[in-house]
Amino acid sequence: MSTLRSHQAPRPAFWRGVVLRVLGLLAALILTAGASVARAESVPDETGLARLVWSTMVTLDNANRTGNYDVLQQLGTPQFQKANSPKALAGVFAPLRNRRVDVGRAILITPTYYLEPALDFEGNLRLRGAFEYRPSAIRFDLLYRNVDGGWRIHAISVAEMDVDAPR
């Protein structure tokens, strides 16, 4: 006589992990192909800016969850890749990873920019702002550089802090 086992439905955390992995793959495609026809001489539109930030946050979240920073490193400019090994990136983001900060939740709201998104004199796109949750915020300061028609990470800083902390 065989015994039938009931299958338990996958938990929401399982599906969330699947969704975040799929979004990470999409993020890689967006960053390498360029968000919204990226041009070195102009700032992307509001949707393009949000897509850049969201895709970076999802990629960082996936790296923190898996401990594998290879994709984050490969999405950078050649200078970023040379200066930041996956091991070095793991060290930089260890505080977020160790505190289990859910950077991926950033895709749930629109980023707030503390500085007007702009190109600097070298053509780098700077995005500085936060995803403001109460009582904390995920703050970011990101530099992208246009490489072969697509925006690539040139510098990245992400931290969780009190939403009322000085900007």
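Predicted model: local features only at pLDDT ≥ 70, side-chain atom pairs only at ≥ 80, totals over all residues.
Let me begin with Tyr144, which has its place in strand β4. Tyr144 is buried, with a relative accessible area of 0%, and although Tyr144 and Leu125 are 19 residues apart in sequence, their C-alpha atoms come to 5.0 Å from each other in space.

Leaving aside neighbours within four places in sequence, Val43 is in contact with Leu49, Pro117, Ala118, Leu119 and Leu125. Is Val43 buried, exposed or something in between? With a relative accessible area of 32%, Val43 is classed as partly exposed.

Let me now step back to the overall layout. The protein contains 6 helices and 5 strands, and when it is read along the sequence the pattern runs α-α-α-α-α-α-β-β-β-β-β. There are 167 residues, of which 43% count as buried, and the accessible surface comes to about 9,800 Å², with 56% of that area belonging to carbon and sulfur atoms. As for how the chain meets itself, if we take the contacts between residues at least 6 apart in sequence, 60% of them join residues at least 24 apart.

A pair of aromatic rings is described by the distance of the centres and the angle of the planes. With a limit of 6.5 Å between ring centres, the count comes to 2 aromatic pairs. In one of these, the rings of Tyr113 and Phe140 have their centres 6.3 Å apart and their planes at 85°, and because that angle is over 60 degrees the pair is edge-to-face. Tyr113 lies in strand β1 (residues 112-113) and Phe140 in strand β4 (residues 136-147), so this pair ties together parts that are 27 residues apart in sequence. The two partners also fall into separate accessibility classes, since Tyr113, at 24% relative accessibility, counts as partly exposed, whereas Phe140 is buried, with a relative accessible area of 3%.

Phe140 also takes part in an aromatic pair with Phe131, and this one is tilted, at 5.5 Å centre to centre and 45° between the planes. Phe131 is itself buried, with a relative accessible area of 0%. Taken together, the ring pairs link Tyr113, Phe131 and Phe140 into a cluster. There is also a ring with a charge over it to mention, because the charged end of Arg105 sits over the ring of Tyr133, 3.9 Å from the ring centre.

Next, the pockets. Rolling a probe the size of a water molecule over the atoms shows where empty space is left. In the second largest pocket, that space amounts to about 160 Å³. Which residues line the second largest pocket? They are Asp61, Asn64, Arg65, Leu96, Arg97, Arg100, Val101 and Asp102. Both α2 (46-66) and α6 (94-98) supply at least two residues of this lining, and the largest share, 3 residues, comes from α2.

Asn64 is found in helix α2 and, at 8% relative accessibility, counts as buried. Not counting residues up to four places away in sequence, Asn64 touches Tyr69, Phe93, Leu96, Arg97 and Val103, and of these Leu96 and Arg97 are also in the pocket lining. Arg100, by contrast, lies in the loop between α6 and β1 and is exposed, with a relative accessible area of 75%.

Arg100 also brings me to the backbone, where it has a positive phi of about 55° although it is not a glycine. Asp148 likewise has a positive phi of about 55° without being a glycine. This residue, Asp148, lies in the loop between β4 and β5 (150-162), and with a relative accessible area of 81% it is exposed.

How values were computed. Residues numbered from 1 in each chain as written. Heavy atoms only, no water. Phe/Tyr/Trp six-rings, centres within 6.5 Å; stacked < 30°, edge-to-face > 60°. Helix = DSSP H or I, 4+ residues; strand = E, 2+ residues; numbered from the N terminus. Buried < 20%, exposed > 50% of the residue type's maximum accessible area, 1.4 Å probe, protein only. Lys NZ or Arg CZ within 6 Å of the ring centre and 35° of its normal. Contact = heavy atoms within 4.5 Å. Areas by Shrake-Rupley, 256 points an atom, 1.4 Å probe, with all protein chains shown as cover. 1 Å grid on protein atoms, 1.4 Å probe; cavity = no way out; pocket = protein on both sides within 12 Å on 5 of 7 lines; lining within 4 Å. Points joined across faces, edges and corners; volume = space filled by probe spheres on them.
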